[in-house]
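Thank you all for coming.

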Amino acid sequence: MKAAVIHEFGDVDVLKYEDVPTPEPQAGEVLIKILATGLNRLEDYIREGSIVPELEWPHILGADAAGEVAAVGEGVTGFTVGERVIPQPGFPTDPADYETRPGAATASFNLPGLHRSGTYAQYISVPARFVAKDTTGLSPEEAATLPMPLATAVRALKGIGEVKAGDKVLVHSGASGSGSMQIQVAKALGAEVATTVRSAEKAEFAKGIGADLVINTREEDFVAKVQEWSGGSGADVVIDNLGGDVLPKSIEAVKPLGVVVVFGFTAGPETTFDVRSLFFAQKQLRGAMASDIEDLEWGLEQVKAGKIKPLLDTALPLSQAGAAHKRLAEGLVKGNLVLLPWAA
Ligand SMILES: NC(=O)c1ccc[n+]([C@@H]2O[C@H](COP(=O)([O-])OP(=O)(O)OC[C@H]3O[C@@H](n4cnc5c(N)ncnc54)[C@H](OP(=O)(O)O)[C@@H]3O)[C@@H](O)[C@H]2O)c1
């Protein structure tokens, strides 16, 4: 099969389009013909070598895919060849851990594209237990934008942030892959949402997907704006996908007893804050990492009900994976990029 592989860490040109062996479905697995692959910033970090110090070469990146069942391994029931499916982006691989939640806290947790071969390829084989049926009616390109951004947003907002109807929630980078899904999940939960962006174009985009308040942080201070919006107290929940020098301000922007969910580090992996800003008002800092198949399935139900929409920026052939990574690194993407493994 064709795949975009890396043989070393480095710049976008380490991504090579090559022939690799097609996986065989093992007992209990579903072999998925990948019709479209979704891109995430994580792959940019893995490719440049800032997540793990070594990998087995050649390595196939990618956690997200939409496809159809190509074959099933021994003992698999309930799937038919040709049926549209979406593999769960990350799952425990030891059957003893299959039911443990969160799966990401188990020793056997594997993320495709990091701990095992990923989705920048024409096929992937996945334990049937972690394959969701895709009944959304979306095109493969649209469906491939969903898995990680959607399922991790469900985990961060519904699970870790415990967002409920009527809450005021701040989501950073509202036009980003994660932020745009986080806004939609918050709205699906009945919350009011404020979001941050750094350009007028991205502000328009964030308004278009339902943000109630959009703050351009190049022009306005988001802490002051959120305090004003919430009547002076602060947001009930902040989803911080930026880290770095933004996280201390997210702590300021949350109300006393409120929750800041630490989700990402686009603005930097290290931060410094005055601990008094956290504990004096008994604010809570919680981490959210990865997702379970129940998060993905809940999110897909919201998509099917029309409450959450896929946000496809551009679809490129898999052979142009390097160009897609460059576009992502330049911060020009609104929503999600997709790669097409069968396009010329
Ligand atoms: N915890 C999890 O399970 C999980 C899952 C998925 C992703 N993540 C993490 O979440 C983060 C975002 O991922 P993503 O896929 O949404 O990324 P993305 O689509 O590439 O978006 C990142 C956005 O961040 C904004 N940005 C970049 N540098 C910034 C800075 N210095 N200060 C403020 N804003 C900045 C930009 O938006 P503007 O131009 O509008 O500012 C950019 O579009 C990453 O760190 C990723 O690893 C975590």
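Before that, two remarks on how to read what I say. What you see is a predicted model, in which local features need pLDDT of at least 70 and side-chain atom pairs count only at pLDDT 80 or more, while totals for chains, interfaces and linings use all residues. Residues are numbered from 1 along each chain as its sequence is written.

Let me turn to the sheet. Six strands make up an open sheet with parallel pairing, and their order across it is β13-β12-β11-β14-β15-β16. Strands here are DSSP runs of E with at least two residues, helices are runs of H or I with at least four, and both are numbered from the N terminus; two strands count as paired if DSSP finds at least two bridges between them. At the edges are β13, residues 213-216, and β16, residues 284-287, each of which pairs on one side only. On average, neighbouring strands of this sheet are turned by 20 degrees against each other, with direction ignored, where the axes are lines fitted to C-alpha atoms, for helices over the stretch in contact, and angles in general run from 0 to 180 degrees between N-to-C directions.

Inside the sheet, β11 and β12 pair in parallel over four bridges, and V169 stands opposite V193 in β12. Strand β12 is mostly covered, with five of its six residues buried; by buried I mean that 20 or more other C-beta atoms lie within 10 Å of the residue's own, by exposed that 12 or fewer do, and by partly exposed anything in between, with C-beta atoms placed from the backbone. Strand β14, residues 235-240, is joined to the parallel strand β15, residues 254-262, by five bridges, and V237 has V259 in β15 as its bridge partner.

Which strands does helix α6 touch? This helix, residues 222-229, packs on the sheet and touches β11, β12, β13 and β14, its direction making about 160 degrees with that of β13. Helix α5, residues 200-208, lies across β12 and β13 and runs at about 165 degrees to β13. Contact, in this talk, means that the C-beta atoms of two residues, placed from the backbone, lie within 7 Å.

Next, helix α10, residues 321-329, in which A321, A324, H325 and L328 are buried. Seen down the helix axis, the buried residues of α10 fall within an arc of 100 degrees, so they line one face of the helix; the arc is taken over the directions from the helix axis to the C-beta atoms. Those buried residues pack against β1, β2, α1, β17 and β18. After α10 comes G331, with a positive phi near 75 degrees.

The loop between α10 and β18 also holds G335. G335 counts as buried because it has 21 C-beta neighbours inside 10 Å. Leaving aside residues up to four places away in sequence, G335 touches T145, G177, S180, L311, L312 and D313.

Now the ligand, which is surrounded by 29 residues, the closest being S176, G177, S178, R198 and G264; a residue is near the ligand if its C-beta atom, placed from the backbone, lies within 6 Å of it. Helices α1, α3 and α4 each supply at least two residues of this shell, and the largest share, three residues, comes from α4.

Finally, the backbone. The peptide bond from W57 to P58 is cis, with omega near -10 degrees, and P58 is in the loop between α1 and β4. R101 and P102 are likewise joined by a cis peptide bond, with omega about -5 degrees, in this case with P102 in the loop between β7 and β8.

Is Q282 buried or exposed? Q282 counts as exposed, since it has 9 C-beta neighbours inside 10 Å; it is found in the loop between α8 and β16 and has a positive phi of about 50 degrees although it is not a glycine. A290, in the loop between β16 and α9, is another non-glycine residue with a positive phi, near 60 degrees, but A290 is buried, with 20 other C-beta atoms within 10 Å.
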